[in-house]
Structure formats: structure tokens, C-alpha cells
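Subject: Structure handover

Hi,

Here is the structure for you to look over. My notes come after it.

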Amino acid sequence: MTADTLIPMFAALADETRWSILTALGEGDASASALAGRLPVSRQAIAKHLAVLQEVGLVEPIPVGREVRFRVIGAELAVTAAKLDAIGRDWDRRLAAIKEIAEGL
């Protein structure tokens, strides 16, 4: 995963409504209409937010009869979490080195 994919993903997740949608979908697949019934957002706005989440690879549409439900793509979230963890470990190493230098002065 590169900055070209992480930046749009983080931008998508930075929106409070999209975060709420993703959290709701974490509880189970749902249609835009079902999500609009649970969140204080119109169905049209939900559909636009779902399109953004789909574009960055965080959700996928699942046709169920005449309805389209959306599902979280957990693998993408796991890859993103692993990347953030690696960045955190790198910063921890850097800060430990700075601490060691500072304490040696």
C-alpha cells in the first residue's frame, strides 16, 4: 500500500458521516436505505458517501434481489492498520534513539 492509496483512504475516513457508515456496516451488510434509517443523513447523501468508500476500496456492493447492500472489505482495513502499525514502530525506534542520545549528554 502506497501513499497514493493511503491518502485517499484516510481522506475518506476523515469524514464523520463516512466513518459512521463504515462503523454501521461493521455490524452487518446494509443498503443505503437501511443506513439512512439508522443515521441522520438522507439516502442520497448515504449513496454518495458509499460511492466514496467504494472508490477507495473500503466497501463493496452486494446485490440481494432488487436491493444492493454494502459490505465492509476487511482486508483493506487490515492492510491499512498494518501500515499504520509499521509507521508507529518506526517512530518508536526514532524516539528511543533520540532519548538515548539526550540521556547521554
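Below is what was found, from the overall fold down to single residues.

First, the ground rules. This is a predicted model: local features need pLDDT of at least 70, side-chain atom pairs count only at pLDDT 80 or more, and totals for chains, interfaces and linings use all residues. Residues are numbered from 1 along each chain as its sequence is written, and side-chain values use heavy atoms, with hydrogens and water left out.

Overall fold. The protein has five helices and three strands. These are DSSP runs, numbered from the N terminus (helices: H or I, at least four residues; strands: E, at least two). Their order along the sequence is α-α-β-α-α-β-β-α. The radius of gyration is 19 Å, well over the 13 Å that the globule rule gives for 105 residues, so the protein is more spread out than a compact globule. That radius is taken over C-alpha atoms, and the rule is 2.2 Å times the number of residues to the power 0.38. The C-alpha trace spans about 70 × 25 × 25 Å along its principal axes.

Burial. Of the 105 residues, 26% count as buried. Buried means under 20% relative accessible area, exposed over 50%, and partly exposed in between (1.4 Å probe, protein chains only).

Core. The largest nonpolar core has 20 residues. Such a core is a set of buried Ala, Val, Leu, Ile, Met, Phe, Trp, Tyr and Cys residues joined through side-chain atoms within 4.5 Å. Ile21, Leu25, Leu35, Ile46, Leu50 and Leu58 have the most contacts inside the core. At least two of its residues come from each of α1 (3-14), α2 (16-26), α3 (32-38), α4 (43-55) and β3 (67-72). The largest share, four residues, is from α2.

Contact here means heavy atoms within 4.5 Å. Leaving out residues up to four places away in sequence, Ile46 touches Ile21, Ala32, Leu35, Ala36, Leu39 and Val41. Leu58 sits in the loop between α4 and β2 (59-64). Leu58 is buried, at 0% relative accessibility. From Leu58 to Ala75 is 8.7 Å, C-alpha to C-alpha, at 17 residues apart in sequence.

On the surface. Ala14 is part of helix α1. Ala14 is exposed, with a relative accessible area of 64%. Its C-alpha lies 32 Å from that of Gly65, 51 residues away along the chain.

Best wishes
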